[in-house]
Amino acid sequence: MSDVVERTLTALPSLLSSDPSPGRPSSTSKLGTLIRGITELTSKHDEEKLIQRELVSIKEQVSSPNTTMMKELMVRAVYCEMLGYEASFSYIHAIKLAQQGTALDKRVGYLAVSLFLNESHELLLLLVNTVLKDLQSTNLIEVCMALTVVGQVFPKDMIPAILPMVEEKLNHPKEIIRRKAVLALYKFYLIAPNQVQHIHSKFRKALCDKDPGVMSASLHIYLEMKPESYKDLVVSFVTILKQVVGGKLPIDFNYHSVPAPWLQIQLLRILSLLGKNDRSTSEMMYEVLDESLRRAEMNHNITYAILFECVKTIYTIHPKAELLEKAAKCIGNFVLSPKINLKYLGLKALTYVVQQDANLALQHQMTIIECLDHADLIIKRETLELLFRITNGQNVKVIVEKLLEFLRHSKDDYRNISKGVYLPINECTYAPDNSWFIRTMNTVFLLVGDQMQPDIPNSFLRLLSEGFESAEEDQQLRLLAVDSYVSLLQEQPARLPQRFLQVISWVLGEYSSVKEGLEPATVLRLLAPLLDLRHCSSETKSWVLAAMTKLSAGPACLSVAQELAERHGGSLDTTLRQRLHELQHLASDGELLRRVLPCSDGLEPLEVDSTLSFLDGFVSEALAAGAAPYKPPHQRQEELAQEKALSVEPYGLSLPLSLSSSSIAGRLSPTVLSMSSGLSGNSTELSPKGGSALRLEGVTRVWGKEGYLAKAALKPEEAAKTEVPCPLSVLQEGGSAPRTPVVSLPAPAPGPSLQAEREKQQLASCLFMGLGSQGAAGPCLMGKAEPTRHGFRKKVKGQGSSSGARGPSGDSASSSPSPLSAQSAMDNLLCSSPLDSGSTPSPADSAPSPADSAPSPADSATSPADPDAEASSWLFSHWVLVVGVQVSRVRGGPEEEEEHVEGHSVAVYQYSLVPTRPSVHMELAGRASYQRPDGEPQSTPFSYGLSLPDFISRPLSVSTEEYGRLWLASSNDIKQNLALLSQEPDPLRATLHRLRDRLQLNVVDIIASEGIVACQLLQGPPCLMHCRLNAGCLAVWLRSSLPELPDCLLYHCQRALAQH
Amino acid sequence: MHFLLLFSRQGRLRLQKWFTPTPEREKKKIIRDMTAMVLARKPKTCNFLHWMDLKVVYKRYASLFFCLAIDDQENELLALEILHRYVELLDKYFGNVCELDIIFNFEKAYFILDEFLIGGEVQETSKQTVARCIEASDMLQEVNVFNVLSTLACC
């Protein structure tokens, strides 16, 4: 069929100028005109002008109202964008089109959206409503369109909003909808696995779907999951594969008369995941694999694709000799095939397989040699990849020579390909002798230059510094390196790549003393010109100067240093200037130089205190002075995400889209809440065992956006725990494999062709030396290079030294060295709310954010009659009680209120607190100053966290009618879905009563599946809440005349319902 | 799958589809590199290329190059057949597809692609099913036009 296509397509260019055929009406449209216009132009410049003009006209038309041409305009905008011209003005219109247009407009709108926007684009949020609406549509095609766009782009944060609806679609009667829903869920799983943990069971159900399309769509997720989690499904997969291979599927699914090849390949992949390192599972699949191999005999690409996958699976799972034999034969067919694509795949398969069975490479050695000289660079590259895998101590020279040759020839095209990257590691493991090693590395540095991955120079330098087993060898290696670098610098340093220059500087700085008779000043003079090179980066210059600093001893060096300082002292690069300054200083002061850069011959592992315990004092001081506690990056992000979190409740169809109506900060959406609770669950897991946790003594409690942060802030620094990886195995020497000449040379015969043949065979015997049956140790060595050396040793702190996770702050108070600590037990007795003493991070007057939300103490010091003020007033008196008992003299306090307590006396003060504006958390902070009879005056800050429920007056008794009136009078509202206490017999009632008990809300009325709840702030306005059961959750709608109140209350409702 | 590009022998882009989020600048670079690399390939070389960490599978159909980027461990031959199936789908829809069809009806080409691949995964391999689905959506179009006309007539 493709031939037909090709024939038609070849006839095309002539068509281009002639009239469009009648079947293609759109070529006469404006788009057609545009396209033809572009085709006629010759220069890029003209094209740009034309498109810009076009874009301007689209922009005008698109923004004028009642445009009926929207769809057409959008297609044109897509076209311009495809050609690489930005049409960002049309993004919003694409969304509008998807939202408002007819079904057909929608289709174009959705297409444009999926082409224009990516997952993180903010405009995508505006699409959520449209998608929701279309998912509910009765028109199948609209549902399809919505699911298609969801499967392509959808904002991660908004998944919860549509998740229930997508899940619902899994039960849709139409298979196309089910299939798209499965794919959309799969997409969700990829971008936000946490949010869709529960869908695995749904995928299992989809796996049993009667439609093969849905079934194969459900397979995607298994390739992403850990195989352990679905081991029990292996029988199902085997059965499905058996049926597919046996041709049991409808003929629809055949592709070139091969039954469902995509499905087959996917199943084979899953089987290989399942059978890896699992003998019993593997045994279940031998039969079907055998059958797959047998059935795939047609000569078509797709059968080869299946065969390739089969072979890979057979070599991945627990081996079975019989199957391996067949697979090997299969690979042979690939490699020997005249078709170049198959040959490529054969090489790829060999590369994969050769680690287990080096003999296979031997069988095909002549083909491999041929491929090595193949005209197609891609084939050549793949061959080298294969060779690289069979490198051992004996063939390393030949193979590396081939690799370098490839690098030399192809560096223009393939510079960015990581081929050269494998090289050094290769050589380090198998290097036959030192001078060869240094020479080769020089070549690699020169050839690959700055394209090299940075870990290669690093591992090379580490090798030099750590050395091999014998010290003598090491010295020789270093000497050789120094020698060759000195001569390189003498020749023409200007053409050396940056990375190489850095390596050279470091080696000369460290080891130039190894070479006798090489004066440091000489080296300095060699290095100095590097600073003048124009292409020399600032980083390289720093390396050079660091090397010079290490060497700068003696008067000769001082003069060089001064010379340099004069020449480069005016450089704009501050780092460079600083280094120069250091150099000059150290060069003039030999004593200091020895102290700063001690010469150590032996390799003493650096002790790194990754816990940074020496900073503890500094940290606690800073905290005491009011600094914000450290938060690990992920926590900061989490908080940031929470601030950004938007309401994910589905907008009612009748409601206008209003994202901005409610203030968002400080409120947790149910998703974020569940996500963060998941995270903090992890953190509590981590912190007790965190031997490396930051010590934050003296920090008793920290209030943050979402409440109590102390645990999170004490999270161990995960970064500090990562081991320093050791990239190379140095100790394993190649050459342990016995020498086995594999190919016996044929008897010498005359004739040039035979001569060439013979050369090839010689090459082969060189390349494949050390392989073979006894030589199986060769590939093994390479496959299992274990990191043996660790240059850095970590100081792991004992468990006891870290403060770890803290309990409630009442406990922490007892461990804090504050004068009030003895009273902590009494704290707990007196009130369950923790009263904090000791060093709270922020005293009232310097507190940054709490200040505006902190309640200002009321003027009247007389006791308020209102019993609800109790919550705030007893705490004060209680505090004074504590102080009065413990401390002889108390004086001072917040500036506004100052009380004086005589020694050994008891005084009771009561204040009432009225929040001016509600907030999720409020903090009351103050400072107590006191003086011991014998000592200095001391002061202790204290703080007490208040939360909204403390200020909720109960009950706000209103009748249902009054409620209705109040409801209409309140303007600020938000809507949200809350978790329902679903295990209770009457979930709505139970949930509302929980809210009543925890938050002192008044349940006004419950009618069927709806309930109304009210509350009132102390001396403040009421807040009304309307609750409705909706699809397994509680849809609440809060209203109040205070803008912040619904937000704060909602937050507390979430918390109240989350605590079981 | 990471992206699919269609471009002509002259290196003119006909269709681009990105399955993984890619910054605009990166896209331009990839398109430039792809056209340059693929067009420079000699005949009788294999249909696979390496680009950074990706494998690029390309095939020429008449004057159009189809070019699909996949992960290194994916199956190149299968990718080749994906391209072929796409061409078959286009062919079935347009009936003897030619480059002009794709140029002037590129949005249709996108629709067909969206029914065939979704988010970088093969969604439906059955030619009939995809064709049916596209047809159904196109029918919608005609019905709508009819509706619009009839409403206009009423006015």
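The model is predicted, so local features need pLDDT of at least 70 and side-chain atom pairs count only at pLDDT 80 or more, while totals for chains, interfaces and linings use all residues. Residues are numbered from 1 along each chain as its sequence is written, chains are lettered from A and ligands numbered from 1 in the order in which they are written, and side-chain values use heavy atoms, with hydrogens and water left out.

Let us begin with chain A. Chain A has 1060 residues, and 53% of them count as buried, that is, under 20% relative accessible area, with exposed meaning over 50% and partly exposed in between (1.4 Å probe, protein chains only). If you take the contacts in chain A with a separation of 6 or more, 69% are between residues 24 or more positions apart, where contact means heavy atoms within 4.5 Å.

Of the 155 residues in chain B, 65% are buried. The accessible surface of chain B is about 6,100 Å², with 55% belonging to carbon and sulfur atoms. For contacts in chain B between residues at least 6 apart in sequence, 47% join residues at least 24 apart.

Now follow a helix pair in chain A. Helix 7 (residues 103-116) and helix 8 (residues 127-135) of chain A pack at an angle of about 135 degrees, and their axes are 13 Å apart. Axes are lines fitted to C-alpha atoms, for helices over the stretch in contact, and angles run from 0 to 180 degrees between N-to-C directions. Helix 7 of chain A is therefore oblique to helix 8 of chain A, because angles under 35 degrees count as roughly parallel, over 145 as roughly antiparallel, 65 to 115 as roughly perpendicular and the rest as oblique. On the helix 7 side of chain A, look for A:K106, A:Y110 and A:V113, which meet A:L127, A:T130, A:V131 and A:D134 in helix 8 of chain A.

The loop between strand 1 (254-255) and strand 2 (258-259) of chain A is worth a look, and A:H256 sits there. Most residues other than glycine have a negative phi. Phi of A:H256, however, is positive, near 50 degrees, and A:H256 is partly exposed at a relative accessible area of 28%. A:S257, in the loop between strand 1 and strand 2 of chain A, also has a positive phi, about 55 degrees, and counts as exposed at 55% relative accessibility.

Finally, turn to A:E309 in helix 18 (residues 301-316) of chain A. A:E309 is buried, at 3% relative accessibility. Leaving aside neighbours within four places in sequence, A:E309 is in contact with A:I265, A:L268, A:R269 and, in the other chain, B:N75.

Technical notes: Helices (H or I, at least four residues) and strands (E, at least two) are DSSP runs, numbered from the N terminus. Accessible areas come from the Shrake-Rupley method with a 1.4 Å probe; for residues, only the protein chains shown count as cover.
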